[in-house]
Amino acid sequence: MYGPFTYFLDSQMSAGKLHRVFLYGTLKKGQPNHAVMTDPSNGQATFVCCANTVSKYPLVIATSANIPSVLFQDEGLGNNIFGEIWEVDGKMRQTLDDFEGFPEYYGRHQIPVVTVPNKDSDGKASNDSVVAKEETCWIYTIREYDKRLVESKFFSNYDSYGDHGLPYCAENDDNPDYNSGDGL
């Protein structure tokens with residue numbers, strides 16, 4: 001899908017341009033990797049609103065690191081996924097590409113999402129003035145995975161601290177068994 005030259009051209013064309021990205025996992029507000037989005041050295045990122053995917057996808061929690069992953073190739077299975085729309089500059093998109101391991105580990109696709117009025121990042125009522133409308137956003141999804149993952153429990157809204165008992169485990173020196181790609 002992406003060769004080195006195409007990836008170079010894509011990154012060059014995105015400089016100075018703003019991109020809408022749909023976040024559904026550990027980068028959302030209140031989640032373990034959200035600091036990536038708020039660190040100005042990574043580029044500019046502005047929260048726009050919450051949204052749901054138009055299509056249904058399997059959202060699973062997989063690997064020993066409990067990484068949330070959308071199984072993009074199995075569109076139609078699963079749920080409409082709740083997440084956040086962020087507007088990012090080219091530098092932040094490059095940061096997200098690096099963070100997600102794009103293009104080797106994760107793919108980046110454009111999908112339609114529908115904005116969710118009066119919901120905050122936890123899916124609870126808020127007093128914002130968002131009107132429901134369809135938008136196109138980039139989403140990062142796992143490129144290759146064990147097809148047995150479609151037999152996993154599907155989620156509609158990822159929360160590392162949820163009652164599923166599968167908190168995200170960041171790579172660190174205290175976790176010698178960490179392997180972000182196992183089980184995918």
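Predicted model: local features only at pLDDT ≥ 70, side-chain atom pairs only at ≥ 80, totals over all residues.
A charge sits over a ring when NZ of Lys or CZ of Arg is within 6 Å of the ring centre and within 35 degrees of the ring normal.

Residues are numbered from 1 along each chain as its sequence is written, and side-chain values use heavy atoms, with hydrogens and water left out.

**Stop 1: colour by confidence**

pLDDT is the predictor's confidence in each residue, from 0 to 100. The protein chain averages 87, and 78% of the residues score at least 70. Now select residues 1-9: here the pLDDT is below 50.

**Stop 2: strand E6**

Select residues 106-115, which make up strand E6. Buried means under 20% relative accessible area, exposed means over 50%, and partly exposed is in between (1.4 Å probe, protein chains only).

Next, show the neighbouring strands. Strands pair if DSSP finds at least two bridges between them. E6 and E7 run antiparallel, joined by nine bridges, and Arg108 stands opposite Tyr140 in E7. Strand E2 (residues 45-57) is also antiparallel to E6, with three bridges.

**Stop 3: Ile111**

Zoom in on Ile111 in E6. Ile111 counts as buried because its relative accessibility is 2%.

**Stop 4: rings**

Rings of Phe, Tyr and Trp (its six-membered ring) pair if their centres lie within 6.5 Å; planes under 30 degrees apart are stacked, over 60 edge-to-face, and the rest tilted. The whole structure has three aromatic pairs. Select Tyr57 and Phe72: their centres are 5.6 Å apart and their planes at 15 degrees, so this pair is stacked. Tyr57 lies in strand E2, while Phe72 is in the loop between strand E4 (67-70) and strand E5 (79-88). Then pick Tyr105 and Tyr106, which are tilted because their planes meet at 55 degrees, with centres 5.3 Å apart.

**Stop 5: charges over rings**

Where is the charged end of Arg93? It sits over the ring of Trp138, 5.3 Å from the centre. Finish with Arg108, which lies over the face of Phe102 at 4.2 Å from the ring centre.

Note on methods: Contact = heavy atoms within 4.5 Å. Helix = DSSP H or I, 4+ residues; strand = E, 2+ residues; numbered from the N terminus.
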